[in-house]
Structure formats: structure tokens, C-alpha cells
Amino acid sequence: MKTLIKVAPAAAILTMGFALSSYPADGAAASESPNAVKYADVQKVFNRHCLKCHDEHKSGDAIILTSFEMVMKGGKDGKIVIKGDASKSPLFLAISGAPGHSAMPPKGRKLSAKDIHLIQDWIESGAEK
Ligand code: HEC
């Protein structure tokens, strides 16, 4: 029975390490869903792929993607994010190249599947800031 005594603490330490490392570094509330997407990560995608056309300094395009508030405001045709429903959100439909929407970005490579999923999850989980 000696081996068990040696193995058990090692397993306990491993399990603890795993549990600790799966918590967000900023110590978010434990009640938060583990799949909740942080808006900050969504903004990073816009910063990298969209702002050259969708920032405040571009004229003739009402959709501004520089902040949570502007994204939620939408454009002249209305909201681009429908909280909880990606399939009704022009933002998601445009990045996923859905028929009837201008594919975004309009030229070059589309967003990676990972970035598209990130935005989808963010909308589906309630599009919180
Ligand atoms: C090369 C410039 C350019 C880039 C880059 C670009 N857009 Fe656009 N976007 C436009 C223009 C121009 C329009 C308005 C005319 C149109 O719908 O084609 C538009 C329209 C949109 C719309 C409304 C489409 C609809 O069908 O309702 C959304 C949403 C959007 N863009 C999101 C994005 C996102 C998100 C990105 C980054 C992944 C992005 N755009 C990158 C130029 C751009």
C-alpha cells in the first residue's frame, strides 16, 4: 500500500494545478460562465481587421467598430448586433459571408474560423461589455 500513498498527493497536486490554471488570470467571478467571451477580445479582432474602414475618421460609412458603444449602436440601417442571436446579427452574417450581406472584410482573407466563432459566442452569450 506504500505506492498509493506516494501517488495520491502527486495526483492531488496535478488536479489543483489544473483547476487553478483554468481560472481567468484577472480573477473573474466564479459564477461567470466558463465560455463567456470578453468584449476586449472581440475588439482586438476589429482593431486588427476592420478599423481601416470602420473607424470614426472614415466618411460615408456609418458603422463604427472602435468601441463597445459604437458597435452596439450599429449603422444607418439599424443594429448590427442582436443580443443572443448571431443568426439575426448583420455583424455575424457579414463576417461569415451569409447571402444578402456584404462579406466582411470585403477583400482579402476572411476572418479565421476562430475569430468568427469568438464573435458568434460573444453575441450568443448576450453581447456584454
Ligand atoms: C476595405 C474596407 C472594409 C473593411 C476592411 C471592412 N469593412 Fe465592413 N463595410 C465596408 C463598407 C464600405 C460597408 C458598407 C457598404 C456595404 O455594405 O458593402 C461595410 C459594411 C459592413 C457591415 C454591414 C453589412 C450588412 O450586410 O449589413 C458590417 C456588419 C461590417 N461592415 C462589418 C465589418 C467587420 C466586422 C469588418 C472586419 C472583420 C469589416 N467590416 C471590414 C468596408 C469595409
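**Figure 1. The whole chain, from contacts to confidence.** Among contacts in the protein between residues at least 6 apart in sequence, 47% link residues at least 24 apart (two residues are in contact if their C-beta atoms, placed from the backbone, lie within 7 Å). What you see is a predicted model, in which local features need pLDDT of at least 70 and side-chain atom pairs count only at pLDDT 80 or more, while totals for chains, interfaces and linings use all residues. Residues are numbered from 1 along each chain as its sequence is written. The protein has 6 helices and 0 strands, giving the pattern α-α-α-α-α-α along the sequence; helices (H or I, at least four residues) and strands (E, at least two) are DSSP runs, numbered from the N terminus. Of its 129 residues, 17% count as buried. Here a residue is buried if 20 or more other C-beta atoms lie within 10 Å of its own, exposed if 12 or fewer, and partly exposed in between, with C-beta atoms placed from the backbone.

**Figure 2. A stretch to view with care.** The average pLDDT of the protein is 81, and 70% of the residues score at least 70; pLDDT is the predictor's confidence in each residue, from 0 to 100. Where pLDDT is low, the predicted coordinates should not be read in detail.

**Figure 3. Helix H2 and its buried face.** Helix H2 covers residues 39-49, and Val42, Phe46 and His49 are buried in it. Looking down the axis of H2, these buried residues fall within an arc of 90°, so they line one face of the helix; the arc is that of the directions from the helix axis to the C-beta atoms. Turn to the other side of H2 and you will find Ala40 and Arg48 exposed. The packing partners of the buried H2 residues are helix H3 (51-54) and helix H6 (113-124).

**Figure 4. The shell around the ligand.** There are 19 residues around the ligand, and Cys50, Cys53, His101, Ser102 and Met104 come nearest (a residue is near a molecule or strand if its C-beta atom, placed from the backbone, lies within 6 Å of it). H3 and helix H5 (90-95) each supply at least two residues of this shell, with the largest share, 4 residues, coming from H5. By type, the shell holds 12 nonpolar, 4 polar and 3 charged residues. In this count Ala, Val, Leu, Ile, Met, Phe, Trp, Tyr, Cys and Pro are nonpolar, Asp, Glu, Lys and Arg are charged, and the others, Gly among them, are polar.

**Figure 5. Helix H6 and its neighbours.** Ile119, Trp122 and Ile123 are buried in H6. Seen down the H6 axis, its buried residues fall within an arc of 100°, so they line one face of the helix. Ala113 and Lys114, on the other side of H6, are exposed. The buried residues of H6 pack against H2 and H5.

Figure 6. Most residues other than glycine have a negative phi, and most peptide bonds are trans. A cis peptide bond joins Met104 and Pro105, with omega about -10°; Pro105 is found in the loop between H5 and H6. After H6 comes Gly126, with a positive phi near 110°. Ala127, in the segment after H6, has a positive phi near 50°. Ala127 is buried, with 22 other C-beta atoms within 10 Å.
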